[in-house]
Amino acid sequence: MSTHIGANKGDIAETVLMPGDPLRAKFIAENYLDNVVQYSSVRNMFGFTGTYKGKRISVQGSGMGIPSLAIYTTELIKEYGVKTIYRVGSCGGMSPDVHMRDVILGQAGTTDSSIIENTFGPNMYYSPIADFGLLDSAYHTAEEMGINTKVGNIFAADRFYNDEIDIQKLIDYGVLATEMETSGLYLLAAKHHIRALTILTVSDHLLSGEAMSAKDRETSFDEMIRLALNTAVKNIEE
Ligand code: HPA
């Protein structure tokens, strides 16, 4: 086992869906996968491996924020040989073009986290981006499934509660939505030469102050998970 994941080598599939919430990982495993085995419960950050349409897929909670996600992502890649990660989660809509229930594909990740500067030093503003193959595949899979997607820049906020940030400026520059992980995931994917894509549902909107009803949350969550899983099976070679 690695420091934070209680699995043996080989227990985790090369393709992983990564929700922030470990209870969502459990829900996905129990409701969408067959032949499910739980491989980790360390810190209640559950991880499961099962099959979807006959292909082996794991689901691992990441926790909230880049520091937590970076722990699980790094161990998945370095200790368990994971090659493809789909972050699935909720986000706050920022752009007026983004609406409640929309499914968003994260093309790139902006952040106010220091992880970029910690990696490259000052005056180098690296742009973490999605794997284009996965992005293209998810976009067309969504079309086939009749799911409406928006594609663009996602802001990974370092703080959920931050009244000092100029959100309007980010909106003016085309940022679609905010969550707390995508830039970190894409940076680590680039560092370790693996593929990553973030797929989000809009659960609340920063401009309108709307928040999703429990029913809408369930439906759009279902669309996002089925999109991630169908994209995943198309991109597993065997
Ligand atoms: N901010 C950060 N993360 C989020 C939000 C938000 O408004 N909504 C859902 N995840």
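**Entry 1: R87 and E179**

I began with R87, which counts as buried at 3% relative accessibility. The model I consulted is a predicted one. I then looked up E179 and found that this residue also counts as buried, at 5% relative accessibility. R87 and E179 form a salt bridge, in which the closest N and O atoms are 2.8 Å apart. I placed R87 in strand β5 (residues 84-93) and E179 in strand β8 (residues 177-179), so the pair ties together parts that are 92 residues apart in sequence.

**Entry 2: K150 and D102**

I next examined K150 and D102, whose side chains meet in a salt bridge with an N to O distance of 2.8 Å. This pair links distant parts of the chain, 48 residues apart: K150 is in strand β7 (residues 149-156), and D102 is in the loop between β5 and β6 (103-111). I noted K150 as partly exposed at 22% relative accessibility, whereas D102 is buried, with a relative accessible area of 8%.

I also recorded that salt bridges with shared partners join R87, E179 and E181 into one network.

**Entry 3: E30 and K26**

I then turned to helix α1 (residues 22-32), where E30 and K26 both lie, four residues apart, or about one turn of the helix. E30 forms a salt bridge with K26, and their closest N and O atoms are 3.2 Å apart. I listed E30 as exposed because its relative accessibility is 51% and exposed means over 50%. K26 is partly exposed, with a relative accessible area of 31%.

**Entry 4: Count**

I finally looked up the count, which comes to eight salt bridges.

Definitions and conventions
Residues are numbered from 1 along each chain as its sequence is written. This is a predicted model: local features need pLDDT of at least 70, side-chain atom pairs count only at pLDDT 80 or more; totals for chains, interfaces and linings use all residues. Side-chain values use heavy atoms; hydrogens and water are left out. A salt bridge is a side-chain nitrogen of Lys or Arg within 4 Å of a carboxyl oxygen of Asp or Glu. Helices (H or I, at least four residues) and strands (E, at least two) are DSSP runs, numbered from the N terminus. Buried means under 20% relative accessible area, exposed over 50%, partly exposed in between (1.4 Å probe, protein chains only).
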